[in-house]
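Reader: I would like to go through this model with you step by step, beginning with the chain as a whole and then turning to particular residues.

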Amino acid sequence: MEIIVLTLTAGVLALYFFAFAVYDAVQQKKRNGFSGKTGGTVTGLVRSHLFRNETHGEVPQGVLIGWGVSQGEQYWGGMLKLRIPPWFPCVRFVVDGKEYIKIMGEGNFKEAWKVGQAVTILYDPANPNICMIKEDTSLRIKVRLNLAAGIFCMICCVAGIFLFV
């Protein structure tokens, strides 16, 4: 009976991880299709931990309020939630003479971003608020982690089926 339960659980988890891998891959593909491109600068880093924000560098208070206290925890929630919350870059960029300051990205380790680092911003010309950092590799990393976890769960599921039979 335990083998059946473990096999079914591994199968469901495999489907869960594969679904998130596909979702993140579609999001990455959609964001790579942005036609607008401009330069920006990382002004600071922020992460959310235990419902409070921790900042490094220059992160304006208004940007933090718009971002939300637990935004970082929402991005990395679920089965693969890290014990150490990721850092999100606060980026300043200009589109059509209007300056934008946004916290963006999918979250990464602090060493992935440096305050003052020049980055390329890809954005939707119809709405520059919909944007991403071209150099952000975190979505690709999430896709690979979810695929690896899905493959591991699938192997456990197949092993359970062979043990049961």
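Reader: What percentage of the 165 residues in the protein chain do buried residues make up?

Author: This is a predicted model, and the value is computed from its atoms with buried taken as under 20% relative accessible area. On that basis, the buried part of the 165 residues in the protein chain comes to 39%.

Reader: How many helices and strands are there in the protein chain, and in what order do the elements run from the N terminus on?

Author: The protein chain has four helices and six strands. Read from the N terminus on, these elements follow the order α-β-β-α-α-β-β-β-β-α.

Reader: Which helix gives the most to the nonpolar patch?

Author: The patch covers about 960 Å² of the surface and is made by Met1, Ile3, Ile4, Val5, Leu8, Ile161, Leu163, Phe164 and Val165. Two helices, α1 (2-32) and α4 (138-164), each supply at least two of the patch residues. One of the patch residues, Ile4, lies in α1 and is partly exposed, with a relative accessible area of 30%. With four residues, the helix that gives the most is α1.

Reader: How many residues of strand β3 are buried, and which residue stands opposite Val94?

Author: Strand β3, which spans residues 88-95, is largely enclosed by the rest of the structure because six of its eight residues are buried. The strand pairs with β4 (residues 98-103) in the antiparallel sense over six bridges, and the two form a hairpin with two residues between them, where Asp96 in the turn has a positive phi of about 50°. The number of buried residues in β3 is therefore six, and the residue of β4 that stands opposite Val94 is Glu99.

Reader: Is Cys157 buried or exposed?

Author: Cys156 is partly exposed, with a relative accessible area of 34%. For Cys157 the relative accessibility is 11%, and the cut-off for burial is under 20%, so Cys157 counts as buried.

Reader: Which residues is Thr55 in contact with, leaving aside its neighbours within four places in sequence?

Author: Thr55 lies in strand β2 (residues 52-57) and is partly exposed, with a relative accessible area of 40%. Once neighbours within four places in sequence are left aside, the contacts of Thr55 are Leu45, Val46, Leu64 and Trp87.

Reader: What relative accessibility does Thr43 have?

Author: Thr43 is found in strand β1 (residues 36-49). Not counting residues up to four places away in sequence, Thr43 touches Gly57, Glu58, Cys90, Arg92 and Val115. Thr43 counts as buried, since its relative accessibility is 10%.

Conventions
Residues are numbered from 1 along each chain as its sequence is written. This is a predicted model: local features need pLDDT of at least 70, side-chain atom pairs count only at pLDDT 80 or more; totals for chains, interfaces and linings use all residues. Side-chain values use heavy atoms; hydrogens and water are left out. Patches are made of residues with over 30% relative accessible area and no salt bridge: like charges are joined within 9 Å, nonpolar side chains (Val, Leu, Ile, Met, Phe, Trp, Tyr) within 5 Å. Accessible areas come from the Shrake-Rupley method with a 1.4 Å probe; for residues, only the protein chains shown count as cover. A salt bridge is a side-chain nitrogen of Lys or Arg within 4 Å of a carboxyl oxygen of Asp or Glu. Buried means under 20% relative accessible area, exposed over 50%, partly exposed in between (1.4 Å probe, protein chains only). Two strands pair if DSSP finds at least two bridges between them. Contact means heavy atoms within 4.5 Å.
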